[in-house]
Amino acid sequence: PNQINKSAVILPKKINGKYAIFHRVFPDILVDYVDDLEFKNDKFLEPKFKIPARINKWDSRKASIGATPIETPEGWLTIYHAVDNKDDGKYKIGAMLLKKDEPHVVLARTDHPILSPDAPYENDWKPGIAYPSGAAVVGDTLHVYYGGGDKYVCVASTPLKSIMNYLLNIGPEPKLAFQEV
């Protein structure tokens, strides 16, 4: 009650018999574990864990998970959007790797955005917007579906191996490549 709560995502697999729910109450991503998805009789989420915005990073002002995390052998690949205190008008996209059996624990996080809203269609109606809303691995490629400028539906892709190698500290930082359709 009395909180602005946004960007809710449910992990697609129960953890220790519980649903994991990610949501944002400014400025952090909160993580709750609940027995069921029935919210009756004034039952509310009671966050016990948070993934904080990071001081002096590209995601220092606020962060939100935008796409359902994807299970990998190394953990949950999670695509999120954030803004920083220096450029709070640009919502950029990054990636995290969360611990498989404790998805409130961040194992790795991109130091820089993997996508910034620089294309004309990401600045057309509402400038500076790239909100991820879905992600899928098809073959060996990660596809991130996102809203550009609050007007367009976009997709950007990268080899799954490149983003995982970066998060595991064995490769250079990836950038998502746009796909024209």
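**View 1. The end of helix H1 and the residue Asn169.** In this predicted model, helix H1 is followed by Asn169, a residue with a positive phi near 65°. The helix itself runs over residues 160–167, and its buried residues are Leu160, Ile163, Met164, Tyr166 and Leu167. These five sit on the same side of H1, because the arc they cover around the axis is only 160°.

View 2. Look for Thr72 in strand S6, which spans residues 70–72. Is Thr72 buried or exposed? Its relative accessibility is 7%, so Thr72 counts as buried, the cut-off for buried being under 20%. Leaving aside residues up to four places away in sequence, Thr72 touches Leu77, Leu97, Lys100 and Met164. You have already met Met164, one of the buried residues of helix H1.

**View 3. The cis peptide bond between Phe26 and Pro27.** Here you can find a cis peptide bond joining Phe26 and Pro27, with omega at about 0°. Pro27 belongs to the loop between strand S2 (19–25) and strand S3 (28–34).

View 4. Where does Ser7 lie? Ser7 is in strand S1, residues 5–10, and has a positive phi near 55° although it is a residue other than glycine. With 27% relative accessibility, Ser7 counts as partly exposed. Asn56 is not a glycine either, and its phi is positive at about 60°. You will find Asn56 in the loop between strand S4 (49–51) and strand S5 (62–65). Asn56 has a relative accessible area of 66%, so it is exposed; the cut-off for exposed is over 50%.

**View 5. Stepping back to the protein chain.** Of the 181 residues, 46% count as buried. The chain exposes about 9600 Å², with carbon and sulfur atoms supplying 52% of that area. As for charge, there are 23 positive and 23 negative side chains, and the centres of the two sets lie 2 Å apart.

Definitions and conventions:
Residues numbered from 1 in each chain as written. Predicted model: local features only at pLDDT ≥ 70, side-chain atom pairs only at ≥ 80, totals over all residues. Heavy atoms only, no water. Buried < 20%, exposed > 50% of the residue type's maximum accessible area, 1.4 Å probe, protein only. Helix = DSSP H or I, 4+ residues; strand = E, 2+ residues; numbered from the N terminus. Arc of directions from axis to C-beta. Areas by Shrake-Rupley, 256 points an atom, 1.4 Å probe, with all protein chains shown as cover. Lys, Arg positive; Asp, Glu negative; His and termini not counted. Charge placed at Lys NZ, Arg CZ, Asp CG, Glu CD. Contact = heavy atoms within 4.5 Å.
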